[in-house]
Amino acid sequence: MSKEVNTIGVLTSGGDAPGMNAAIRAVVRQSIYLGKKVMGIRRGYAGLLAEEIFEMNSHDVSETIGRGGTILQTARCKEFKKPEVVQKAADICAKHGIEGLVVIGGDGSFRGATELAKHGVNTIGVPGTIDLDIACTEYTIGFDTAVNTAMQAIDKIRDTSTSHERCSIIEVMGRGAGYIALWCGIANGAEDVLLPEYYDYDEQKIVDHIIEGRKKGKQHHIIINAEGIGHSTSLAKRIEAATGIETRATILGYMQRGGSPTAKDRVYASIMGAKAVDLLCEGKTNRVVGYKHGDFIDFDIIEALDMEKVIEDFFLDTCVSVNAR
Ligand code: ADP
Ligand code: F6P
């Protein structure tokens, strides 16, 4: 029999992402709209264990939809992988009357959520990560803002790169996933894109490509490198030595995680946050919200975590074909 949920908790966990505030705001406002009590939990699972829990009202989320970061703060909490720690967290939820919990974060945060669900707390995951590396969904909160931030930065680097007829390596975020790199590859018209999923470490191929471009009259050569491959500065030195062309590396870093969210991130995060509350009110647990084929849907968390994320061929093919000349 499904449990009636009258008090809903919300936390953000793992790396922050622009749009998380829109999701928090939606959880708070949708809960209140449906007559539920809502509790904010600061600093992710670490804050839950430290009982950093407070009741939220509608006003607490006023003027937050346009703000980057997360007003609830976020944290990583290694000890949450221990069953006795999860039991303690479930006891704390019970103590504060939290029957349902919305966890906004990535795959790691969902693993924590599924463990909590086993201990009787109804949990719903909402995908929040700039990396877009969650298999069950084509959209994650923050990716759109991050990729636009990176794209604008790369446009600027391209200007100076062209003026000086240099080669530029720009490192974008994505420790295990190359989605930001791939999207920027298309959006910025990069000559080369290095993805952790496919990189073959054939630097001679890159060198040949740069020399070939120069012969055709290209005034710059933009290489977008994903964080997961890294070593952009040393790669730049090797490329300069091999080609004789001045080569500079820029690591964009954490600027990609901040900033005011795009309209898409504000809107989709709002829909996902509200949907998470609806699912809890329907008595659902251990689910994750996703976006696929133009619809907002939900999956069992375990099934979602078992899915494999694949980069569609049309992305890779387009990146190669439309950037070739
Ligand atoms: P993300 O949610 O962005 O993938 P992490 O992988 O750092 O970020 O996970 C965030 C937090 O989720 C971790 O610090 C930990 O508290 C919790 N977590 C991760 N993996 C597990 C797990 N296997 N069991 C329980 N909790 C986990
Ligand atoms: O938010 C995702 C991400 O930016 C990854 O691309 C990166 O590997 C990771 O977070 C780094 O985060 P932190 O330095 O906070 O651990």
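Let me start with strand S1, residues 7-12, where six of the six residues are buried, so the strand is largely enclosed by the rest of the structure; buried here means under 20% relative accessible area, with exposed being over 50% and partly exposed in between, for a 1.4 Å probe and protein chains only. Strands (E, at least two residues) and helices (H or I, at least four) are DSSP runs, numbered from the N terminus.

Please keep in mind that this is a predicted model, in which local features need pLDDT of at least 70 and side-chain atom pairs count only at pLDDT 80 or more, while totals for chains, interfaces and linings use all residues. Residues are numbered from 1 along each chain as its sequence is written, chains are lettered from A and ligands numbered from 1 in the order in which they are written, and side-chain values use heavy atoms, leaving out hydrogens and water.

In a regular strand the side chains alternate between the two faces of the sheet. In S1, Thr 7, Gly 9 and Leu 11 are buried on one side, and Ile 8, Val 10 and Thr 12 are buried on the other.

Now to the neighbours of S1, where two strands pair if DSSP finds at least two bridges between them. S1 runs parallel to strand S2, residues 37-41, and four bridges join them, with Val 10 partnered by Gly 40. Strand S4, residues 100-105, also pairs with S1 in the parallel sense, over five bridges, and there Leu 11 stands opposite Val 103.

Finally, the cysteines: taking a disulfide as a pair of cysteine sulfur atoms within 2.5 Å, the count is zero. Cys 184 is in no disulfide, since the nearest cysteine sulfur, in Cys 319, is 10 Å away, too far for a bond.
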